[in-house]
Amino acid sequence: MKGGMRNAAVAVLGRPAPVLPDAGVVLSALPMPVVVLDADNRFTFVNHAAEHFLGLSAGQLRQLGLKDLLPADHPAFLLVAQVRQGEVTIADHDMSFESPRLNKRGIAVQGTPLPEEPGSVLLVLADASAARALDRQLTYRSAARSVSGMAAILAHEVKNPLSGIRGAAQLLEGSVSDADRELTVLIRDEADRIRALVDRMEMFGAKPIERSAVNIHRVMEHVRRLAENGFGAGIRFTEIYDPSLPPVHGNRDQLVQVVLNLVKNAAEAISLGGVESGEITLITGYEHGVRVAVPGCEKRMHLPLVVAVRDNGPGIPDDIRSNLFDPFVTCKASGSGLGLALVAKIVSDHGGLIEVDSRPGRTEFRLHLPMLSDDATDPA
Ligand SMILES: Nc1ncnc2c1ncn2[C@@H]1O[C@H](COP(=O)(O)OP(=O)(O)OP(=O)(O)O)[C@@H](O)[C@H]1O
Ligand SMILES: [Mg+2]
């Protein structure tokens, strides 16, 4: 590994690298941010991922030092100093970069000295929060799979006898006394309720999805209109849209279902929490550099489209946070706990990711979705 590192350093300095001639190209294409700092902590090299990460171009960064981006007491300075002093590699697995420019948490930082350039330090950054989101996503997937198996069984074993029960109750309705009719109506209504539940579970079925270019803003507008005229009446809706956003590669109806479930939860959280001036914010954006490797999919997926639903409700109760996306997890008297399980299933069918950030007064569900051109990365 050490040899490879030395070659990379040679290419960075502009001299030909004999063993690995395209080391500079490799370094540029590396999906994780890589920067080199000189003895004065000024940037002498940044790769493309680092430009995205820091939100500045290589040209701009070459004029700057670490102190222009981070406060003087930031732990990154200590890490760099320790690397220089001890000439050893030092890693910190959970650093926050918060400044007027940057807002990243959960970043793994590894610093290594560059022997050819005394005083220079190579920093490799990794967004561990994306990896953590992926971790969670994979468990949601298995939860969704167990529901889809169960739905298939229920459809067979419950729906058929249920229609028999319902039909029998309906027949009885004509011949019983008024007092007993109440009971037959009860049987019919309860049978309908069970049927609706099974129908909802059947949406977890493992059918392959049909995809096309979907304008996510139309999807969000559709849901907003539904909400404003129904369950979300009285709540203020705000939009923060990136109008230049390219289409999502997905299934329109399923994406409507996803946004609807999230907005419905947000509206319910606001009303259950008794929030006076409820507000739901619908957000879209483009995020560079979110690439994840997913088991069963050879390529790294590029998930640049971000769709988020934020509310100012009381936040997600602590006791359900760790299995929020599991089926039948609910805090509502009449909830089935299938809303978020279905969201997780649809998003994972789309090859996307979900992240949740929740505290009292601010809960945000963020979806990361693939773009149309990422056809080949469909894991389905
Ligand atoms: N925006 C939110 N704010 C606070 N809590 C939330 C939010 N979204 C979801 N939750 C919590 O997560 C639980 C699970 O949500 P989910 O949508 O899966 O089921 P549900 O809303 O209870 O029932 P269903 O969606 O089937 O009607 C909710 O009961 C609620 O406690
Ligand atoms: Mg719900």
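**Entry 1: the largest cavity**

I looked up the largest cavity and found a volume of about 130 Å³. The model is predicted: local features need pLDDT of at least 70, side-chain atom pairs count only at pLDDT 80 or more, and totals for chains, interfaces and linings use all residues; side-chain values use heavy atoms, with hydrogens and water left out. Residues are numbered from 1 along each chain as its sequence is written, while chains are lettered from A and ligands numbered from 1 in the order in which they are written.

On a 1 Å grid over the protein atoms alone, a cavity is a set of points where a 1.4 Å probe fits but cannot get out. Points join across faces, edges and corners, and the volume is the space filled by probe spheres set on them. I count 2 cavities of 30 Å³ or more.

α3 (48-54), α5 (66-69) and β5 (121-127) each supply at least two lining residues. The largest share, 3 residues, comes from α3. Helices (H or I, at least four residues) and strands (E, at least two) are DSSP runs, numbered from the N terminus.

**Entry 2: the second largest pocket**

Next I took the second largest pocket, with about 880 Å³ of space. A pocket is an open set with protein on both sides within 12 Å along at least five of seven lines. I find 34 lining residues, and Asn265, Glu268, Thr330, Lys332 and Gly335 are the closest to the centre. By class the lining splits into 17 nonpolar, 10 polar and 7 charged.

Two or more lining residues come from each of α8 (178-202), α10 (252-272), α11 (339-349) and β14 (362-369). α10 gives the most, 7 residues.

**Entry 3: the sheet**

I traced an open sheet of 5 strands in the order β7-β9-β12-β14-β13, with mixed pairing. Strands pair if DSSP finds at least two bridges between them. β7 (236-240) and β13 (353-359) are the edge strands, each pairing on one side only. From one strand to the next, the twist averages 15°.

β13 and β14 are antiparallel, over 7 bridges. I checked one bridge: Ile354 partners Leu367 in β14.

**Entry 4: helices on the sheet**

α10 packs on the sheet and touches β7, β9 (279-286), β12 (305-311) and β14; contact means heavy atoms within 4.5 Å. The direction of α10 makes about 145° with that of β9. Axes are lines fitted to C-alpha atoms, for helices over the stretch in contact, and angles run from 0 to 180 degrees between N-to-C directions.

α11 lies across β13 and β14, at about 145° to β13. Is α11 mostly covered or mostly open? It is mostly covered, with 10 of its 11 residues buried (under 20% relative accessible area, 1.4 Å probe, protein chains only). Lys345 is one of the buried residues of α11. Gly351 follows α11, and its phi is positive, near 75°.

**Entry 5: overall**

I noted 11 helices and 14 strands for the protein. Of its 380 residues, 44% are buried.

Note on methods:
1 Å grid on protein atoms, 1.4 Å probe; cavity = no way out; pocket = protein on both sides within 12 Å on 5 of 7 lines; lining within 4 Å. Nonpolar A, V, L, I, M, F, W, Y, C, P; charged D, E, K, R; others polar. Buried < 20%, exposed > 50% of the residue type's maximum accessible area, 1.4 Å probe, protein only.
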